[in-house]
Amino acid sequence: MRADLLKSELGIRTIADLVRHYPFRHIDRSKFYLISEVDPNAALVQVKGKFIRIDSIGAQRATRMVGAFQDAQGGIMEVVWFRSLTWIKQSIKPDLEYVLFGKPGVFNNKLQMTHPEIELAAEFDKPLKGGLEGVYPVTEKLKSRKLDSRAIRNLMQTALPQVLSSIADTLPAYIIKRQNLLNMRTAIQAIHFPENTQQLSEAQRTLKFEELFYVQMRLMKVKSLREQNIKGLVFETIGDHFNDFYNHHLPFSLTEAQKRVVKEIRKDMGSGRQMNRLLQGDVGSGKTIVALLCALIAIDNGFQAAIMAPTEILSQQHFEGLFELVSEMPINIALLTGSSKTAYRKKLHAQLESGEIHLLIGTHALIEDKVKFKNLGLVVIDEQHRFGVAQRSKLWRKNTVPPHVLVMTATPIPRTLAMTVYGDLDVSVIDELPPGRKPIKTVHKWDSHRLQVFGFMKEQITLGRQIYVVYPLIEESEKLDYKDLMDGYDSICRAFPRPNYEVAIVNGKMKAADKDFEMKRFADGQCQIMVATTVIEVGVNVPNASVMVIESAERFGLSQLHQLRGRVGRGADQSYCILMTGNKLSNEGRVRMNTMVETNDGFRISEVDLKLRGPGDIMGTQQSGALDFQIADIVKDTEVLEAAREEASYIYDNDPGLSHPSLSNVKSHLALMMKNRPNWGRIS
Ligand code: ADP
Ligand code: MG
């Protein structure tokens with residue numbers, strides 16, 4: 001019965017599984033607080049004392065038991081139960097000493113604890129070594145069947161000695177030594193029953209290392225298998241298209257960083273291996289032109305190329321921009337999005353299959369199975385954040401020899417995340433902005449300073465600049481958000497009246513043609529102010545726009561704020577970003593505003609974002625499988641992750657087949673993990 005529950009709730013089938021079910025934290029059971037010293041904001045505390053009174057209060061459904069609990073020093077705390085009242089009434093005896101453990105709080109100015117863990121002091125586990133007790137993850141269902149953390153701990157006490165001798169090291173001895181790890185037997189014993197905090201942290205580090213090491217081994221195995229088994233298209237020529245464009249149509253000279261990255265990509269595409277490369281570069285660093293140059297290399301070698309963007313607007317903009325850049329060259333370029341009409345689609349499909357189209361730009365629509373290419377040689381995925389390995393691998397099937405894949409991200413990904421989610425990719429970084437850009441000045445203003453902000457906007461308009469004013473639009477509160485947007489638009493129209501000012505507005509509800517019309521008016525300089533929802537986040541490129549006002553900025557995430565800010569600062573003028581918020585700001589909101597004010601560096605912003613939001617939120621659900629760790633935490637365990645990555649890549653650099661005898665355990669453990677963890681499927 002218990003075995004069934006453990007299996008269905010926690011996936012624990014064997015004793016060997018059980019001992020790999022680790023506590024997620026440890027509490028110091030040797031420490032008792034004096035009630036007079038308990039901080040009501042503390043997470044969890046343990047106190048010892050007696051109930052001097054227990055009463056049943058309220059009637060019927062509002063009935064609860066309230067006890068007055070007093071410790072040896074006379075401090076008094078209220079204890080409240082809302083459930084299991086009969087049991088409490090029958091089993092708790094005055095005069096006996098109890099140990100209570102729980103979260104303190106305050107109610108009606110009194111220190112209080114509801115539903116604490118409760119145990120007779122006489123039965124309280126004294127022989128516990130070091131007093132550190134593991135707290136195990138359990139589900140509500142397990143708790144209701146009396147399989148709580150304590151019960152699991154008791155099971156562990158029986159189970160561990162039975163299997164301890166059979167626990168072998170999975171890591172090679174040289175790594176254990178070099179990384180100062182415990183052997184696996186000691187680590188597992190100690191994670192459950194640590195002798196002291198020192199030993200506990202060594203055990204944690206060992207188990208985290210083990211977990212992260214195998215994640216890295218797995219990623220490298222994927223990479224090495226791919227390199228061995230998947231032949232890459234060889235683009236050996238740099239031909240007429242590339243040279244013609246580079247010499248005659250490139251509107252500016254490339255930055256050193258852009259040149260370096262193009263070189264890295266060229267080398268990859270000529271190597272005979274399939275390229276899987278991540279190109280990181282901050283907003284405005286000039287990734288689009290890199291994508292185009294790579295596409296031209298593919299075309300020069302007789303292949304087609306595709307560039308994929310996450311939204312229709314961005315696809316549209318890429319299409320228009322690139323169309324113009326290559327307009328004088330014999331290159332056929334086309335757009336495909338979800339809203340492409342059937343007749344157009346049909347024609348396009350035929351042209352793609354015949355090879356007539358050289359470069360296809362589009363949304364996810366272009367990876368649909370219906371879309372077939374004559375010979376797709378390169379796929380560039382732009383601004384992708386929500387695009388996992390599973391989808392990437394779908395692209396590989398678009399050609400008998402899989403196309404080269406270049407993934408471009410605008411919001412830099414924290415290094416640890418990149419190593420985990422994109423650990424099988426090679427990485428290129430554009431770490432330089434095109435010349436002449438002045439760093440954007442960012443300020444945070446309270447709503448009450450609106451008039452001052454309007455004044456500043458007027459000054460900038462007098463100088464000939466243009467301004468974005470952006471409102472949040474979030475699905476859950478769409479109606480209200482639209483109201484805010486329209487109210488804001490009205491007030492701006494009143495503050496900036498005709499004929500001196502023209503104000504444009506764009507929002508997601510407008511027809512495409514109307515949106516285009518308004519955006520064009522702004523891009524052409526016919527309006528000074530563009531009021532918009534986040535549709536412009538990845539949209540328009542207007543170098544003369546130098547002020548970005550973000551309304552209700554506290555409602556945007558950091559990466560979104562950074563993206564929005566990236567819409568200005570594209571011309572030669574000093575640009576500004578003004579973050580407007582109400583006077584009530586959560587702590588997290590404050591951190592976000594301060595971070596934006598302090599730095600323009602996308603990498604730093606992404607690190608803060610990761611700490612605030614956690615990896616799952618940043619990468620989206622598609623990749624949550626890859627981020628599903630048992631004990632490691634990639635936000636906090638950076639150092640362990642780096643070490644594990646280093647050891648794993650050392651192995652793959654020197655012995656990719658894992659044939660050295662010292663790696664035989666690694667080899668079999670890796671095979672076992674790949675078989676047992678369904679999640680692995682998602683990242684291969
Ligand atoms: P992102 O990396 O955010 O996609 P874009 O490719 O949209 O950036 O480039 C931002 C702007 O910078 C564009 O207007 C582009 O034409 C311009 N740009 C790109 N590279 C250079 C360069 N080397 N010199 C000058 N301007 C450049
Ligand atoms: Mg871009």
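In the predicted model, a polar side-chain atom of Lys-287 is placed 2.7 Å from an oxygen atom of ligand 1. The protein covers 80% of the 560 Å² of accessible area that ligand 1 has on its own. Backbone atoms take part in the surroundings of the ligand as well. For Gly-284, a backbone N or O atom is found 2.6 Å from an oxygen atom of ligand 1. For Ser-285, the corresponding distance from a backbone N or O atom to an oxygen atom of ligand 1 is 3.4 Å. In total, ligand 1 is surrounded by 16 residues. The closest of these are Gln-258, Gly-284, Lys-287, Thr-288 and Arg-437.

Attention then turns to Asp-300, which belongs to helix 11, a helix formed by residues 287-300. Asp-300 is buried, yet no salt bridge is formed by this residue. The nearest side chain of opposite charge is that of Arg-266, at a distance of 9.4 Å. The side chain of Asp-300 does, however, reach the backbone nitrogen of Phe-242, at 3.0 Å. Phe-242 is also among the residues that Asp-300 touches when those up to four places away in sequence are not counted.

Most residues other than glycine have a negative phi, and most peptide bonds are trans. Against this background, two residues and one peptide bond are described here. Asn-180 has a phi near 55°, a positive value in a residue other than glycine. Asn-180 is located in the loop between helix 6 (173-178) and helix 7 (184-192). Because its relative accessibility is 65%, Asn-180 counts as exposed, the cut-off for this class being over 50%.

A positive phi is likewise found at Ser-552, with a value of about 45°, although Ser-552 is not a glycine. Ser-552 is situated in the loop between strand 21 (545-550) and helix 19 (558-565). As for the peptide bond, the one from Arg-498 to Pro-499 is cis, with omega near 0°. Pro-499 is part of the loop between helix 17 (478-495) and strand 19 (503-506).

Note on methods
Residues numbered from 1 in each chain as written. Chains lettered and ligands numbered in written order. Predicted model: local features only at pLDDT ≥ 70, side-chain atom pairs only at ≥ 80, totals over all residues. Heavy atoms only, no water. Helix = DSSP H or I, 4+ residues; strand = E, 2+ residues; numbered from the N terminus. Buried < 20%, exposed > 50% of the residue type's maximum accessible area, 1.4 Å probe, protein only. Lys, Arg positive; Asp, Glu negative; His and termini not counted. Salt bridge = Lys/Arg side-chain N within 4 Å of Asp/Glu carboxyl O. Polar contact = N/O pair within 3.5 Å; in protein donor to acceptor, adjacent residues only side chain to side chain. Contact = heavy atoms within 4.5 Å. Near = heavy atom within 4 Å. Areas by Shrake-Rupley, 256 points an atom, 1.4 Å probe, with all protein chains shown as cover.
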